[in-house]
Amino acid sequence: QVQLVESGGGLVQPGESLKLSCAASGSIFSISVMGWYRQAPGKEREFVALIGWSGGSTVYADSVKGRFTISRDNARNTVYLQMNSLKPEDTAVYYCYSNLRGVVASRWGQGTQVTVSS
């Protein structure tokens, strides 16, 4: 069974930066896509970014485009989310997910809290 563990969340002031990490472990055969969603209090889960594992193509939500950068380390089965120019509206629990080749259901991490407040 694949496990995903996020890290790097914390409390920062507006305009500052954070870098999140998500490492996959366990029974990994072939990763197709890894990415990030977030969920703010009282809101539904929102797509943030994804990266293709083989080609490295990326997709970003409009709300984070130009501020966030997703990247990967294939050898370590790890995806990163560099978050710059953070805003209070970025406050949320950030969840990592992975799609494995040939498997329909996504796997999810436990989440890491990001709080942006002055």
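**Exercises on rings, charges and a sheet**

The charged end of Lys19 sits over the ring of Tyr80, at 4.8 Å from the ring centre, where the rule asks that NZ of Lys or CZ of Arg be within 6 Å of the ring centre and within 35 degrees of the ring normal. The model is predicted, so local features need pLDDT of at least 70 and side-chain atom pairs pLDDT 80 or more, while totals for chains, interfaces and linings use all residues. Residues are numbered from 1 along each chain as its sequence is written, and side-chain values use heavy atoms, without hydrogens and water.

**Exercise 1.** Work out which residues form one aromatic cluster, and describe the pairs of Tyr37.

*Solution.* Rings of Phe, Tyr and Trp (its six-membered ring) pair if their centres lie within 6.5 Å, with planes under 30 degrees apart counted as stacked, over 60 as edge-to-face and the rest as tilted. By this rule there are four aromatic pairs. Tyr37 and Phe47 are edge-to-face, at 5.5 Å centre to centre and 75° between the planes. The rings of Tyr37 and Trp108 have centres 5.4 Å apart and planes at 70°, so this pair is edge-to-face. The cluster consists of Tyr37, Phe47, Tyr97 and Trp108, and Arg45 lies over the face of Tyr37, 5.4 Å from the ring centre.

**Exercise 2.** Determine the order of the four strands in the open sheet, and which stand at its edges.

*Solution.* Strands are DSSP runs (E, at least two residues), numbered from the N terminus, and two of them pair if DSSP finds at least two bridges between them. The order is E1-E3-E8-E7, with antiparallel pairing. E1 (3–7) and E7 (68–73) stand at the edges, each with a single partner strand, so one side of each lacks a neighbour in the sheet.
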